[in-house]
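Biologist: Could you take me through this structure slowly, one question at a time, and show how each answer is reached?

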Amino acid sequence: MPGTRPRPALLRTLATPRGAAVAAGLLLLALVTAFGPALLGDAADTRDLAARQQGASLAHPFGTDDLGRDLLARVLVATRLSVLLALGATAISVVGGAVVGIVAAVLPAALRRAVNALVDILLSFPWLLLALFFSVIWGTTATGAMLAVGFAGVPVFARLVSTLAASVAGTEYVHAARMLGSAPLRTARVHLLPNVLPPLLVNAAAHASVSLLSFAALSFLGLGVQAPAYDWGRLLNEGARRIYVDPMAAVGPGLAIVLTGVLLALLGEVLSEGGRRRGRAGGRPPRAGTGVAPAVADDAPVVDVRDLRVAFAAEDGSLVERVHGVDLRVAPREVVGLVGESGSGKSVTAMAVAGLLGPDARVRAERLVFRGIDMTRPPSPAERTRLGLEQTMIFQDPLSSLNPSLTVGRQLTEVTEVHARTLRAAARARALAALERVRVPEAARRLRQLPHELSGGMRQRVMIATGLMVTPRLIVADEPTTALDVTVQRQVLGALRGAQRETGAAILLISHDIALVSGFCDRVVVMRSGRVVEELDPRRWQDATHPYTRGLIACVPDMTTDRTRPLPVVEPEAPDDAAPALDPGATDRSGRTGPPARPGRPGRPTRKGVPA
Amino acid sequence: MSELELRGVTVRYGHGARAQTAVDAVDLTVRPGTTHGLVGESGSGKSTLARAAVGLVRPTAGQVFLGRVDVTGPSRYARRTRRRVQMVFQDPMSALDPRLPVGLSVAEGLLATGRRTSRADREARVTALLDRVQIDPRRAGDLPGAFSGGQRQRITIARALAAEPEVLVADEITSALDVSVQGVVLNLIRDLQADLALTVLFISHNLAVVRYVSDDVSVMRAGRVVEHGPAERVLADPADPYTRELLRSIPVMGQPLVLADA
């Protein structure tokens, strides 16, 4: 099967200053390792008793040793032995660790526990002690030291690999392989190893730097490389004896150790970042003004958005527009539903309204106002307080929006204590009342519980209760019931409706389920590919005119769907055309007759580098 | 065509006082060549039951039969026979190895047939399977990341089909997908079931979806089957109050949700 994959991430990493520096350093190190002994071997071994124990000079930048040999040449020649020993030890650690870790992962539970316990015991030994122990066994030779340092690192990697492998072994694709009768060794080779390898490489690079230091230390102590061979550690040992007379004799090899160590550590860092680099999408204009939030009339729209455009920085640094000119208005107390598939821009639109988009998003709009506050700029302190009190967000996964280490009660009272400066006792009484109002059973006990002790539906009701702690004007609920069962969904939406009635807040409900939204909202806004395609009165949904809306309604089976016929299917959008599918002009995908190209087509970088 | 029969299957997790019974003495028969819907909320034990059926979980008690062969145990024969029962998972993101080209993932399914095949045969088979699930076979070398959720789910279905299963267990296969993609996958499952005369155990919390694909339905709650029978009868005239509650909770286009507690 053809499996060629481009590696643009690596090239991009190389283009960064750090990536380039690491690449250049590695190249230099490789050259010195390969050619150093051949080119400088003579200079390093030429004795010149007349010039013995000289300090740093132009002829001998690092000075000379007891026999008058040039120390710079010796440091460069020692590179090969030092680097190869460090790499050898690292290879022993990594390969040994990977074998132990992966074997442990595919073993039966009892044996796995035994292996892991052994690894834990070995881990608690200091590596130097292990190395000393091993050098007693293998004698004080360079190879012995390499084996010692290498084996001392095995438990570290065994632990790393077994942890990584355990998380891969729990995935469904490994379960699937098991069901298909894949032998354990094949599963390890095909699935475990490739998925464990990248983090392993990162750690191997960092570990190489540690091994290098370990060797320097062992040789310094006289346990590593023995005369007449020499590595950086031995040179350091010799130089250290006259450090007060000729500091360069010790500083020279020391520099080589430090620079190589830093280089290897940086390599690990560059590997771990590989391709995950994301740029900021242009700063926002600074906040101008007095810092006093303007007063708002009660009948003014809660949300007023005109021509909202949101772009994100793509991996290659260009900007990709995801929302292309959305208009949205939410009146006070109005319940508006935002419907669309994933990638339609519905969540991004809502996040822009709530001012919650991160620094990698570039937001532009003719108007983006929440009750008089311009959300295209970072809010002033006064505005921040008002936003905290008047906006409530409810996300799909309540576990990620609740702090796992704080009790429910603490999180409920936090909002009011921070923004409204309510006294703790009063806030607590209010929290209790809020939980009761969203019909959380045993509310007093729940206040003392942590989020993970509650069920999904219960957590979502706690999130709604946080909204009741303040006086929200807008509740943004982003797929609040998608992870929940239908019966729990009904309870959560009931709590949401109750909260809305009580506080008089408007609701912006985001969902992919048009039937759900139509059953809950006053008005439905249908989005596709970053545009609003239609606004709908849910009571008159049969009047939907846009083919996409009609397709979306038709493709969901209900309890009356004809079982003898295939379900109608929403045609996927032609990838390079923002025209709605089911549109007569766009159905012929080979000879496209869709509308002319518009600026900001989805999936394409647009407006590279235009200032905000 | 084979019958899948679960007889008195009990699955208990943990030991002693902390033990939890996920599945409690469930009897369930999927008639050969039909689709059996299994409905219930999260925690009702329906996914655990599915895992017991394919051998990912060892039942604490009870047996699983495939066409009268006991496939419960760890014996070699049971394991080999069990490969004729394959499963499609809920989350197409985690069901494919992110570092394995999708063609190789599908080829993995061929392992289960136990036949030794040449490379050319394997590639031809993968091409045919990808074509069958409407994925362009020229993309066999792409990684899963290059595909959308719906496409990935079709690839996992192709992988299951490669094993030439007699029984397919579909565990919430559309709940991680957009509604517009759900229809494509449901149509595919129905087509495959009819073309290959598969026996399908279709698990979902969505009653409307289950009704659309299933001939028979079982409703699970707290590890037990509370109601079962032909889909039309169970869903038109549910006897159990819990089934009625499920039915009432389904949002229907254009009808305000009934939010007040009954």
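Predicted model: local features only at pLDDT ≥ 70, side-chain atom pairs only at ≥ 80, totals over all residues.

Biologist: What percentage of residues 119–139 of chain A is helix?

Modeller: The unreviewed UniProt entry places the feature "transmembrane region" at several stretches of chain A, including residues 20–40 and 119–139. Over residues 20–40 of chain A the chain is 100% helix and 0% strand, with the end C-alpha atoms 27 Å apart. Over residues 119–139 of chain A there is also 0% strand, the end C-alpha atoms are 25 Å apart, and the share of helix is 81%.

Biologist: Is helix 4 of chain A parallel or oblique to helix 6 of chain A?

Modeller: Helix 4 of chain A, residues 109–123, packs against helix 6 of chain A, residues 142–169, with the axes 9 Å apart and an angle of about 135°. Angles over 145 degrees would count as roughly antiparallel and those from 65 to 115 as roughly perpendicular. The angle of this pair therefore makes helix 4 of chain A, relative to helix 6 of chain A, oblique.

Biologist: Which class of residue is counted 6 times in the contact of helix 4 of chain A with helix 6 of chain A?

Modeller: On the side of helix 4 of chain A, the residues are Asn116(A), Val119(A), Leu122(A) and Leu123(A), and they meet Pro155(A), Val156(A), Ala158(A), Arg159(A) and Ser162(A) in helix 6 of chain A. Sorted by class, this contact has 1 charged residue and 2 polar ones, while the class counted 6 times is nonpolar.

Biologist: Is the crossing of helix 8 of chain A and helix 9 of chain A left-handed or right-handed?

Modeller: The axes of helix 8 of chain A, residues 184–220, and helix 9 of chain A, residues 232–240, come within 7 Å and cross at roughly 45°. That angle is why helix 8 of chain A is oblique to helix 9 of chain A. Among the residues that meet are Phe215(A) and Phe220(A) in helix 8 of chain A and Trp232(A) and Leu236(A) in helix 9 of chain A. The crossing of helix 8 of chain A and helix 9 of chain A is right-handed.

Biologist: Which helix gives the largest share of the side of chain A that touches chain B?

Modeller: In the contact between the chains, 54 residues of chain A meet 54 residues of chain B. Several helices of chain A each supply at least two residues of the touching side, including helix 7, helix 8 and helix 20. By class, that side of chain A has 28 nonpolar, 16 polar and 10 charged residues. The largest share, 7 residues, comes from helix 18 of chain A.

Notes: Residues numbered from 1 in each chain as written. Chains lettered and ligands numbered in written order. UniProt positions renumbered as here; feature names shortened; annotations may be inferred. Helix = DSSP H or I, 4+ residues; strand = E, 2+ residues; numbered from the N terminus. Axes fitted to C-alpha atoms, helices over the stretch in contact; angles between N-to-C directions. Parallel < 35°, antiparallel > 145°, perpendicular 65-115°, else oblique. Contact = placed C-beta atoms within 7 Å. Nonpolar A, V, L, I, M, F, W, Y, C, P; charged D, E, K, R; others polar. Left-handed = near helix turned anticlockwise from the far one by under 90°.
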